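These are my notebook entries on a structure that I looked up today. I set down what I asked and what I found, topic by topic.

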Amino acid sequence: MTAPQVLVVGAGPTGLTAACALLQHGVPVRLVDRRECFAAEPKALVMWSGALEALHRLGVADAVAERALPLTGASYWSNGRRLAGVSFGTLTGTRFPGPLCVPQPVTEELLYERLLGLGGRVEWATRATSVEVAGDRAVVRLESAGGAVETVAVPWLIGADGVRSTVREALGIPYEGSSYDREFVLGDGRIAGDLPPTEAQYHLSPDGVLVLVALPEGGHRIFFDLPPGSRTGPPDDAELQQLLDARGRGRWTVEETWWTSRFRVHTKVAATFRQGPVFLAGDAAHAHSPAGGQGLNTGVQDGFDLGWKLAAVLRGGDPALLDSYDPERRPTSARAVRNSERQTRLWLLKPRPARALRDLLLGVLSRSGALERRIVPELAQLDLDLTASPAVGRTPAPGGPTPGRRLGDAPLRPVGGTAATSLHGYLATGRHTVLVAGSGQEAATAAEEAATELTRRGVRDLADVLLLLPPDGPVPVPAGPSGHDLAAGRLPGGQAGAAALACHLRPDGVVARVVTLDRPGRVGELLSALPTGQRSATPAP
């Protein structure tokens with residue numbers, strides 16, 4: 001058996017997502033983790049739409065949803081008075097219009113089951129003790145719990161090993177940012193009192209914040225900030241009750257807890273997400289405040305992005321595709337860190353005039369709907385602007401969708417080769433898609449050419465071809481062997497009567513390139529960016 005060309009260090013949600021994406025795209029991977037198995041601590045709770053769409057492309061999101069609690073909104077309180085509210089579940093053009101509350105171990109467990117189903121495994125109790133770049137390879141020293149030591153040189157290494165990343169620190173990549181001058185305590189347990197079952201509440205006081213979030217299997221998470229160094233070790237029920245009385249005005253009682261924690265919060269972003277053959281992802285690349293649950297969500301999307309891009313290159317795609325990982329994911333991560341930090345700073349305001357202004361603005365923005373319009377899309381990370389990425393085209397086609405933006409959804413009427421009734425349903429396989437839109441012979445010919453060429457390359461497990469016909473027009477009979485799918489519908493962002501065109505849609509649903517089919521052979525310009533099927537042994541540039 002050929003040794004995997006990708007080594008992933010860290011089998012948390014980010015590393016598992018990257019490994020599943022690689023395996024799903026036909027690329028073997030080696031995955032190690034210092035832990036003996038995935039942790040039982042609930043840690044992160046909230047999964048937003050962007051991350052859920054990535055998990056859906058891996059075949060995991062439905063199982064996550066079955067064990068999750070849909071959150072319907074959030075409310076903000078001060079001095080016992082409700083200031084503002086935000087409704088969730090209103091996002092359109094996605095199967096996941098709102099966030100789900102699901103403890104991190106559930107997400108890890110389901111990703112792990114998917115990994116096993118794809119033929120992968122985790123080498124538990126195996127840690128990376130040193131990493132260096134030697135020429136075009138990453139040289140990693142691995143040590144197992146039994147004391148066995150192994151040194152491996154791999155073409156590609158993914159460091160998904162957490163905030164204290166051995167991979168990042170060994171390469172000397174700066175982790176830039178700061179730590180809060182507050183510590184945070186939380187408890188998961190049964191809280192007696194009147195609490196909404198599907199809402200997150202933020203109670204803001206001069207002493208600090210109280211956050212309450214309902215848990216999917218009953219109970220709530222309560223969360224507070226404190227001056228640093230006041231106590232050590234996880235909080236007990238008495239400390240949590242004292243804080244709950246002070247900031248919740250005696251309305252609730254801690255009946256029991258099953259997990260508590262005390263921790264410091266860092267807001268940091270690595271100076272680069274790539275150094276030669278080494279990539280950083282998840283907490284190894286960015287650390288977040290817990291506000292909005294952005295850390296886990298950003299990490300899952302890191303892992304999916306890196307997985308499909310590495311798979312494309314290892315199956316004959318242009319290695320320059322990997323140059324887009326840092327320009328796409330680092331700004332997105334930095335923005336998510338800033339957003340969560342801004343929310344946390346608002347929680348922790350102390351001066352009375354600043355708190356009064358905050359409370360006033362929250363109320364005004366909530367009543368106008370501006371708070372919901374601003375916060376929810378930011379947290380969802382659904383429609384990212386990647387128009388400046390080196391991996392997308394610069395020239396849009398007249399009447400076509402915009403390269404660098406996620407393609408919107410639209411109803412489909414299946415005609416042949418597919419049962420999908422929506423465009424996003426068709427794209428949910430997580431493969432590349434060549435989408436040809438038009439009713440003329442040039443469109444039918446282009447779809448046939450694309451399907452024939454991708455079959456010749458042996459990459460039909462990586463790429464689909466869909467011929468999209470006008471919703472009310474005639475259905476042509478394919479002239480060739482019909483290796484493409486056929487459906488009727490409107491192209492999102494397209495204009496009625498526009499010329500026939502073809503798009504390359506990436507596995508993440510982003511439009512990579514668009515060409516107008518104004519002359520023969522133009523679909524070949526799209527295919528040049530897809531994997532050739534030649535298994536790459538090329539080392540990292």
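Which side chain meets that of Glu150 in a salt bridge? I note at the outset that the model is predicted. I found that Arg30 is the partner of Glu150, with an N to O distance of 2.8 Å.

Entry on helices 7 and 8. I looked up how helix 7 (residues 294–314) packs with helix 8 (residues 325–347), and found an angle of about 175° with the axes 10 Å apart. Because angles over 145 degrees count as roughly antiparallel, I record helix 7 as roughly antiparallel to helix 8. From helix 7, I list Gln294, Thr298, Gln301, Asp302, Asp305, Leu306 and Lys309 in the contact. From helix 8, I list Tyr325, Glu328, Arg329, Ser333, Ala336 and Ser340. Sorted by class, this contact has three nonpolar, five polar and five charged residues.

Entry on the cavity. I searched the whole structure and found one cavity of 30 Å³ or more. The largest cavity holds about 250 Å³ of space. How many residues line the largest cavity, and which lie nearest its centre? I count 17 lining residues, with Gln301, Arg329, Leu384, Asp508 and Val510 nearest the centre. Gln301 and Arg329 are already in my list for the contact of helix 7 with helix 8. Helix 2 (49–57), helix 7 and helix 8 each supply at least two residues of this lining. The largest share, four residues, comes from helix 2. By class, I record six nonpolar, three polar and eight charged residues in the lining.

Entry on helices 9 and 10. At what angle do helix 9 (residues 352–368) and helix 10 (residues 370–380) pack? I found about 90°, with the axes 4 Å apart. Helix 9 and helix 10 are therefore roughly perpendicular to each other. In their contact, Leu362, Leu365, Ser366 and Ser368 of helix 9 meet Ala370, Leu371 and Arg373 of helix 10. I class the residues of this contact as four nonpolar, two polar and one charged.

How values were computed. Residues are numbered from 1 along each chain as its sequence is written. This is a predicted model: local features need pLDDT of at least 70, side-chain atom pairs count only at pLDDT 80 or more; totals for chains, interfaces and linings use all residues. Side-chain values use heavy atoms; hydrogens and water are left out. Axes are lines fitted to C-alpha atoms, for helices over the stretch in contact, and angles run from 0 to 180 degrees between N-to-C directions. Angles under 35 degrees count as roughly parallel, over 145 as roughly antiparallel, 65 to 115 as roughly perpendicular and the rest as oblique. Contact means heavy atoms within 4.5 Å. Ala, Val, Leu, Ile, Met, Phe, Trp, Tyr, Cys and Pro count as nonpolar, Asp, Glu, Lys and Arg as charged, and the others, Gly among them, as polar. On a 1 Å grid over the protein atoms alone, a cavity is a set of points where a 1.4 Å probe fits but cannot get out, and a pocket is an open set with protein on both sides within 12 Å along at least five of seven lines; lining residues have an atom within 4 Å of a point. Grid points are joined across faces, edges and corners, and a volume is the space filled by probe spheres set on the points. A salt bridge is a side-chain nitrogen of Lys or Arg within 4 Å of a carboxyl oxygen of Asp or Glu.
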